[in-house]
Amino acid sequence: MTLLPSQQRLIDAMPRPAAPEALPAALARLEAISLAAILRVLIEQRALVAETGRDAAAVAAALGAAPRHAWLIGRWLAVLAARGLIVRDGAGYRRAAETAPEVATEALDAVYAALGFPPGMAGLHRLALGHLVDLARDRTGLPELVFRNGGDLADLGAYQRNHFTAALNAICAELVALRPRRVVELGAGLGHTTEAVRARLGALPPDYLFTDVSRLFTLAAERRHGVDTALLDIDRDPREQGRAPGSAALVLATNVLHNAVDAVRALTHIRTLLAPGGWLVFSESVDDSAATLGAMQFLLSPAPGAPRPGSGDERAREGRVFLDTAGWRRALEGAGLAIHSILPDEDDPLALAGQRLFIAQAPEESA
Ligand SMILES: C[S@@+](CC[C@H](N)C(=O)[O-])C[C@H]1O[C@@H](n2cnc3c(N)ncnc32)[C@H](O)[C@@H]1O
């Protein structure tokens, strides 16, 4: 598969929300609520004080955060400071305001509805913000909170369903509709991209391989979609995991590659999987995704003792988990994959949430 549809055809494939003009205000409100909740907890717990600057490690210690979540506290502080909500004081941070901010979580229902999320998302976010201290201390986890409150895996995955991800999944489906010889989906999880492909084609192509690092998801996909599945870890060479090199004409990876310990190494593994001239199509958040800092990002902390996503690449410097667009360009170049396009365009309302779809190609002749 060497020919892709025109960029315009891919842009046209993206479903558009009925009220795109509502997106900027809804996103700004969501971020403000999320950051206010984080700031309030840091102030109430006296982790962040006015008198003296504390570095991220000292704030995490004062909050009693579990070591595996310390990176996240660091990102909280970096984002709060970047938004002018706290003061950077030498190597540390101080609170700026006398009082803790009010947190208008009752507004989350309307905000999430405007962004195209399912109704349960506001409740999930409220649940997380209401248990921020326990989450940071590892006294509970997000899955546990959801299950204890009568929810299930689909409720936990609600954050992956919205206008922005629907647009990117539709482009993935459009590319699978070209009938590349072998499609391998990485980190396919709850199968939102798989479902978009199925909706576009009526059925999954027979040579579609659904993979994930977790058997939970491959088993669920076998039941739901009757699809071939395999366990596949992006941090390991696919050849060691039973995959033939050069066997995929198209690799899909939506919202998964940030989990890599080393992004260049993971992309190099994907290059091994790709046939000459094959396509890698992946979506990623390209900023700190401030709205999820007090909720879903707890899921990105490694198990105790395991390496943190990004700890083997340039993200380690700042404790980030998400690379920006320039970072992904560098990583793709480092892995010998050529960028074809990055969608949506910067000025598209569907780009506002900070998610991008990268389309990259393996060399025609393997080096
Ligand atoms: C945010 S979910 C995205 C799921 C799906 N692609 C979607 O967009 O709906 C991330 C997925 O990556 C998987 N994952 C995490 N680390 C991985 C790894 N090292 N190798 C492969 N998959 C991984 C998780 O199990 C999870 O299913």
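Helices here are DSSP runs of H or I with at least four residues, numbered from the N terminus. The model is a predicted one, and in it R40 is found in helix α2, which covers residues 23–44.

Leaving aside residues up to four places away in sequence, R40 touches A100, P101, E102 and V103. One of these partners, E102, lies 62 residues from R40 along the chain, yet the C-alpha atoms of R40 and E102 are separated by 7.7 Å.

Turning to the whole chain, the model contains 14 helices and 9 strands. The radius of gyration is 21 Å, close to the 21 Å that the globule rule gives for 367 residues, so the chain is as compact as a globular protein of that length. Among contacts between residues at least 6 apart in sequence, 71% join residues at least 24 apart.

Some further values for the chain are set out below.

| Property of the chain | Value |
|---|---|
| Span of the C-alpha trace along its principal axes | about 60 × 40 × 40 Å |
| Share of buried residues | 53% of the 367 residues |
| Accessible surface | about 15400 Å² |

Of that accessible surface, 51% belongs to carbon and sulfur atoms. As for charge, the chain carries 37 positive and 42 negative side chains, and the centres of these two sets lie 3 Å apart.

How values were computed
Residues numbered from 1 in each chain as written. Predicted model: local features only at pLDDT ≥ 70, side-chain atom pairs only at ≥ 80, totals over all residues. Heavy atoms only, no water. Helix = DSSP H or I, 4+ residues; strand = E, 2+ residues; numbered from the N terminus. Contact = heavy atoms within 4.5 Å. Rg over C-alpha atoms; globule rule 2.2 N^0.38 Å. Buried < 20%, exposed > 50% of the residue type's maximum accessible area, 1.4 Å probe, protein only. Areas by Shrake-Rupley, 256 points an atom, 1.4 Å probe, with all protein chains shown as cover. Lys, Arg positive; Asp, Glu negative; His and termini not counted. Charge placed at Lys NZ, Arg CZ, Asp CG, Glu CD.
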